[in-house]
Amino acid sequence: MKKMTCMFLFACAAMISFAAADTPEARKAAADAYVKTFPAIKQLVDSTIEASMKSLPEEQRASSKKVLDEINWNLVETAMREAMVKIYTVDEINAITKFHASPEGKSIMQKTPEFMAAYMKPLAEEARRVVVKMIAESMAEVMSNVAIKMKPTSAATPTQTPALVAQPAATK
């Protein structure tokens, strides 16, 4: 019995120490380690967008490239770290780091731009279809409301506008 009690207390102490390790400071350290093993976010976003831009006309590609060149990637990386610290536990950040450092994780990250480009085009086309449908429905509603407001009511009486007739200029 004494042995069981000691094991139980040890297990509880271990659980408390693991829970205590999940502090903002520990999360920040884990996020910093992740960023060091994760491929540069700029490279990932650049290659993803470039793969997606292949279907765009040349003039749109140039303007999209300009946008990418203007992005403050240090700000993006800082935001990513802060989001990780806020949302994930230390164990989750460590698992993400371990995954991205694995051969499978590296392979998946290399294929991510191609993967995203493959489904982004149909997604954009579907979003465009939905937006056009919503605009058409909205316009139909506006036109219906305008037609209702333009119907004469029984209490309304038509008014006549006097005709303007040009008068000859007076001579001196």
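Guide: Let us begin with exposure: a residue is buried under 20% relative accessible area, exposed over 50% and partly exposed in between, using a 1.4 Å probe and protein chains only. Arg129 is partly exposed, with a relative accessible area of 45%. Glu126 is also partly exposed, at 38%. This is a predicted model, in which local features need pLDDT of at least 70 and side-chain atom pairs count only at pLDDT 80 or more, while totals for chains, interfaces and linings use all residues. Residues are numbered from 1 along each chain as its sequence is written, and side-chain values use heavy atoms, leaving out hydrogens and water.

Visitor: What joins the side chains of Arg129 and Glu126?

Guide: They meet in a salt bridge, at 2.5 Å from N to O. The term requires a side-chain nitrogen of Lys or Arg within 4 Å of a carboxyl oxygen of Asp or Glu. Both residues lie in helix 7 (residues 103-150), three residues apart, about one turn of the helix. Helices are DSSP runs (H or I, at least four residues), numbered from the N terminus.

Visitor: How many salt bridges does the whole structure contain?

Guide: A search finds six. One of them joins Asp32 and Arg81 at 3.1 Å, N to O; Asp32 is in helix 2 and Arg81 in helix 5, 49 residues apart. Arg81 also meets Glu77 at 3.5 Å, and these two share helix 5, four residues apart.

Visitor: How does one describe two packed helices?

Guide: One gives the angle between their axes and the distance between the axes. Axes are lines fitted to C-alpha atoms over the stretch in contact, and angles run from 0 to 180 degrees between N-to-C directions. Here helix 2 (residues 24-37) and helix 6 (residues 90-101) have axes that come within 9 Å and cross at roughly 10°. Helix 2 is therefore roughly parallel to helix 6, a term for angles under 35 degrees. The contact (heavy atoms within 4.5 Å) includes Ala30 and Tyr34 of helix 2 and Val90 and Ile93 of helix 6.

Visitor: Which residues form the largest nonpolar core?

Guide: A nonpolar core is a set of buried Ala, Val, Leu, Ile, Met, Phe, Trp, Tyr and Cys residues joined through side-chain atoms within 4.5 Å. The largest has eleven residues: Ala30, Ala31, Tyr34, Val35, Phe38, Leu44, Met80, Met84, Val90, Ile93 and Met109. Its largest share, four residues, comes from helix 2.

How values were computed
Parallel < 35°, antiparallel > 145°, perpendicular 65-115°, else oblique.
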